[in-house]
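Me: I have a structure open and would like to learn how to read its features. Could you take me through them step by step?

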Amino acid sequence: GLIIIACFAPCVASAQTVAEAVQMGLNTSPTLQAERARLTGIMEQQVQARNLRRPAIQLEASTGLRASAFLQNGSYNFRRTEPGSVSVSANQPLMLGGRYEAALREADLRVGQSIARIRSRELAKIRQVIEAYANVRRDYQASAIRAQGVESLTRQLTGARLRQQEGLVGLTEVSQVETRLANAQGAASTSRARLQS
């Protein structure tokens, strides 16, 4: 999954911008990386198609070592020869019977198809990142609001208990604040869990 928030902190300043999140999503997607690598391979087909019309030059070289010994006038003579040859040939295709145009057209179409597939997957990834980013922002704000509600109800409960000790309110009012606080704490926990997930 994508990491939209650099770390879970109580301030939104730690969050990435949507542009940073989108850029990270596009750069780290294994699917997009594989598609880009495939495009590089397909572009090689264009190069090969263009090479059909280029002249082909071939260079061949060979060498060898031949040694011989023979007896002449009572002494051995050694002879060593190094025959070799070099040849260069070039050919230029004049008629390809439409193979060049067909190969080039096919390679161009494959490249265009691959680029369109990459763009489509990039758009899908951008949509996923933006949706995830918006969900995180929404859940962050909801979690912050729930936490403020818990703090407010905690202060109310403290005040209600003090007033009950002074005889200004009954036990029922304190119990109602305790119930509201327990509900708020449960909602805050759920909100935090949603944000973390």
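Reply: Happy to. Let's begin with one side chain: arginine 138 is partly exposed, with a relative accessible area of 47%. Here buried means under 20% relative accessible area, exposed means over 50%, and partly exposed lies in between, with a 1.4 Å probe and protein chains only. Keep in mind that this is a predicted model, where local features need pLDDT of at least 70 and side-chain atom pairs count only at pLDDT 80 or more, while totals for chains, interfaces and linings use all residues. Residues are numbered from 1 along each chain as its sequence is written, and side-chain values use heavy atoms, with hydrogens and water left out.

Me: Which residue does arginine 138 form a salt bridge with?

Reply: A salt bridge is a side-chain nitrogen of Lys or Arg within 4 Å of a carboxyl oxygen of Asp or Glu. For arginine 138 the partner is aspartate 139, and their closest N and O atoms are 3.1 Å apart. Aspartate 139 counts as buried, at 9% relative accessibility. There is also a network: salt bridges with shared partners join Glu35, Arg38, Arg117 and Arg121.

Me: How many salt bridges does a search of the whole structure find?

Reply: It finds 9. One of them, within the network just named, pairs arginine 38 with glutamate 35, the closest N and O atoms being 3.7 Å apart. Arginine 38 is partly exposed at 45%, whereas glutamate 35 is buried at 3%.

Me: Why are arginine 38 and glutamate 35 separated by about one helical turn?

Reply: Because they are 3 residues apart in helix H2 (residues 30–50). Helices here are DSSP runs of H or I with at least four residues, strands are runs of E with at least two, and both are numbered from the N terminus. Another pair to look at is arginine 127 and glutamate 131, whose salt bridge has its closest N and O atoms 3.8 Å apart. These two are 4 residues apart in helix H3, so about one helical turn separates them. Arginine 127 is partly exposed at 48%, and glutamate 131 is partly exposed at 44%.

Me: How many helices and strands are there in the protein?

Reply: There are 4 helices and 4 strands. Along the sequence the pattern reads α-α-β-β-β-β-α-α.

Me: Which residues make up the largest nonpolar core?

Reply: First, the general idea: in soluble globular proteins, nonpolar side chains tend to be buried together. A nonpolar core is a set of buried Ala, Val, Leu, Ile, Met, Phe, Trp, Tyr and Cys residues joined through side-chain atoms within 4.5 Å. In this model the largest one has 9 residues: Val150, Leu153, Leu157, Ala160, Val174, Val177, Leu181, Ala184 and Ala188. H3 and H4 are the elements that give two or more residues to this core, and H4 gives the most, with 5 residues. A second, separate core has 6 residues, including Ala21, Val22, Val129 and Tyr133.

Me: What does valine 150 touch?

Reply: Contact means heavy atoms within 4.5 Å. Leaving aside residues up to four places away in sequence, valine 150 touches Leu181, Ala184, Gln185 and Ala188.

Me: Is serine 143 buried or exposed?

Reply: Serine 143 is buried, with a relative accessible area of 9%. It lies in helix H3 (residues 99–165). Beyond residues up to four places away in sequence, serine 143 touches Ser191, Arg192 and Leu195. Serine 175 and arginine 161 are 14 residues apart in sequence, and their C-alpha atoms are 9.7 Å apart in space.

Me: Which residues form a nonpolar patch on the surface?

Reply: Patches use residues with over 30% relative accessible area and no salt bridge, joining like charges within 9 Å and nonpolar side chains (Val, Leu, Ile, Met, Phe, Trp, Tyr) within 5 Å. Here Ile57, Leu59, Val86 and Val88 form one, with about 470 Å² of accessible area together. Strand S1 (56–63) and strand S4 (84–91) are the elements that give two or more residues to the patch. Isoleucine 57, in strand S1, is exposed at 65%.

Me: And how much of the protein counts as buried?

Reply: Of its 197 residues, 21% count as buried.

Note on methods. Areas by Shrake-Rupley, 256 points an atom, 1.4 Å probe, with all protein chains shown as cover.
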